[in-house]
Amino acid sequence: MKNWIIIISLTFMWMGCKNNQPRSKARISSITESVYASGIVKAQKQYNVFATVNGILREIYVTEGDRVKKGDPLFLIENQSTSLNTDNARLALELSAQNAKSNSNRLRELEVAVSLAKEKLQNDSIMYFRQKTLWSQNVGTKVDLEQRQLAYRSSGTNYISALSRYRQAKSQLNTEYQQAKNNLKISKDIESNYIIRSETDGLVYDILKEQGELITTQGPIAVLGKSENFILELQVDEYDIVKTRIKQKVLVSMDSYKGKIFNAEISKIYPIMNERSRTFTVEAIFTDQPAELYPNLTLEANIIIQTKQNALVIPREYLIDDQFVFTDEDKKIKSKVKTGLMDYKYVEIQSGLDSNQYVYKP
């Protein structure tokens with residue numbers, strides 16, 4: 001008798017469990033497909049300040065939180081040899097200017113010699129062609145004609161020689177002066193590299209070096225950026241990047257604003273993958289920016305791929321192998337379905353089910 005009671009009890013327990021199988025009816029609802037991304041907040045035009053030369057950080061002209069304009073000096077790097085080169089170039093320019101001034105008398109002498117040689121050439125030319133005309137009229141001797149011709153040719157050679165000496169001397173002085181001037185400009189340009197200036201109007205967010213430290217071209221000195229506008233730097237998985245497009249809406253949540261969602265929009269997609277993280281960098285801009293933001297705040301985002309109204313959906317956890325569902329309580333019958341959009345909770349069923357059917361949880 002006890003055995004029968006046990007069997008009957010177990011039967012009712014089994015029937016009770018069977019009737020309480022987790023199930024869900026397919027229903028009509030809106031569904032949104034999105035791509036998850038993590039990232040950080042960055043100031044617009046945020047950049048690390050690097051030096052283009054090596055040296056000792058001698059002066060720091062700004063502090064964290066200072067507002068700067070484009071071109072404002074930020075740091076001074078000291079390099080003694082560069083300063084000496086600039087001084088030498090300046091002295092060479094002064095010496096060249098003095099040489100040009102002292103040689104101006106020599107240039108005037110050469111210029112006078114050119115003028116005299118030109119006048120003699122003109123005079124000998126007149127005498128030669130006059131004698132040539134007389135000779136054609138059988139007046140004078142051939143010796144007179146040859147002497148005039150020789151004097152004319154000699155005057156031409158002397159004029160060309162005087163003009164060449166003048167031009168050569170003038171060119172040499174100009175070249176020496178211009179070279180000295182260029183050397184000074186080059187030295188000043190090199191020396192200007194030791195003054196690091198701001199590349200944008202913005203805010204000094206961080207200073208990474210202290211006065212007296214050795215500065216190299218490999219290490220950043222400071223972090224600068226815009227203080228009013230911020231961007232979102234997102235990391236999107238390689239499997240999702242093909243779905244991501246410019247202008248897509250982004251829903252953003254941050255630990256700094258718990259419980260709040262902010263809207264943003266994709267503004268830029270970098271076309272190369274980070275091989276280490278297997279992600280792509282995507283930038284977005286706020287369409288409703290929070291009142292207070294700071295660089296490097298962490299965030300999580302959902303990039304809205306597409307939204308569909310009046311879709312037939314079931315919970316994602318009821319889907320088997322992305323294409324089957326149980327449609328009987330005993331879980332013996334698998335029905336094949338065609339899926340569409342999918343979010344973190346629901347999946348769209350395009351065919352294989354209707355809104356009157358129940359599906360059972362695997």
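Author: What follows is a set of questions and answers on this model, which is a predicted one.

Reader: What volume does the largest pocket have, and which strand gives the largest share of its lining?

Author: The largest pocket has a volume of about 310 Å³, and its lining is made up of 15 residues, with T32, S34, M342, D343 and Y344 lying nearest the centre. Two strands, β2 (27-43) and β15 (298-315), each supply at least two residues of that lining. The largest share, six residues, comes from β2.

Reader: What is the volume of the second largest pocket, and which strand gives the most to its lining?

Author: The second largest pocket has a volume of about 160 Å³. Of the 11 residues that line the second largest pocket, F50, T52, I196, R197 and E199 are the closest to its centre. At least two lining residues come from each of β3 (47-49) and β7 (195-197), and the strand that gives the most, with three residues, is β7.

Reader: Which strands stand at the edges of the open sheet that contains β7, and why is one side of each left without a neighbour?

Author: The open sheet has four strands in the order β7-β6-β4-β9, and their pairing is antiparallel. Each edge strand has a single partner strand, so one side of it has no neighbour in the sheet, and the strands in this position are β7 and β9 (214-215).

Reader: How many bridges join β6 to β7, and which residue in β7 is the bridge partner of F75?

Author: Strand β6 covers residues 73-78 and runs antiparallel to β7, to which it is joined by three bridges. In one of the pairings between them, F75 has as its bridge partner in β7 the residue I196.

Reader: Which residues form one aromatic cluster?

Author: A search of the whole structure finds three aromatic pairs. One of them is Y257 with F262, an edge-to-face pair with 5.3 Å from centre to centre and 80° between the planes. F262 also pairs edge-to-face with F286, at 6.5 Å centre to centre and 85° between the planes, and this pair links distant parts of the chain, 24 residues apart, from strand β13 (residues 262-274) to strand β14 (residues 279-286). The residues that form one cluster are therefore Y257, F262 and F286.

Reader: Are Y257, F262 and F286 buried or exposed?

Author: A residue counts as buried if its relative accessible area is under 20%. Y257 has a relative accessibility of 19%, F262 has a relative accessible area of 9%, and F286 has a relative accessibility of 11%. Because each of these values is under 20%, Y257, F262 and F286 count as buried.

Reader: Over which rings do R23 and R27 lie?

Author: R23 lies over the face of a tyrosine ring, at 3.9 Å from the ring centre, and that residue is Y358. In the case of R27, the charged end sits 4.9 Å from the centre of the ring of Y346. The rings asked for are those of Y358 for R23 and, for R27, of Y346.

Key: Residues are numbered from 1 along each chain as its sequence is written. This is a predicted model: local features need pLDDT of at least 70, side-chain atom pairs count only at pLDDT 80 or more; totals for chains, interfaces and linings use all residues. Side-chain values use heavy atoms; hydrogens and water are left out. On a 1 Å grid over the protein atoms alone, a cavity is a set of points where a 1.4 Å probe fits but cannot get out, and a pocket is an open set with protein on both sides within 12 Å along at least five of seven lines; lining residues have an atom within 4 Å of a point. Grid points are joined across faces, edges and corners, and a volume is the space filled by probe spheres set on the points. Two strands pair if DSSP finds at least two bridges between them. Rings of Phe, Tyr and Trp (its six-membered ring) pair if their centres lie within 6.5 Å; planes under 30 degrees apart count as stacked, over 60 as edge-to-face and the rest as tilted. Buried means under 20% relative accessible area, exposed over 50%, partly exposed in between (1.4 Å probe, protein chains only). A charge sits over a ring if NZ of Lys or CZ of Arg is within 6 Å of the ring centre and within 35 degrees of the ring normal.
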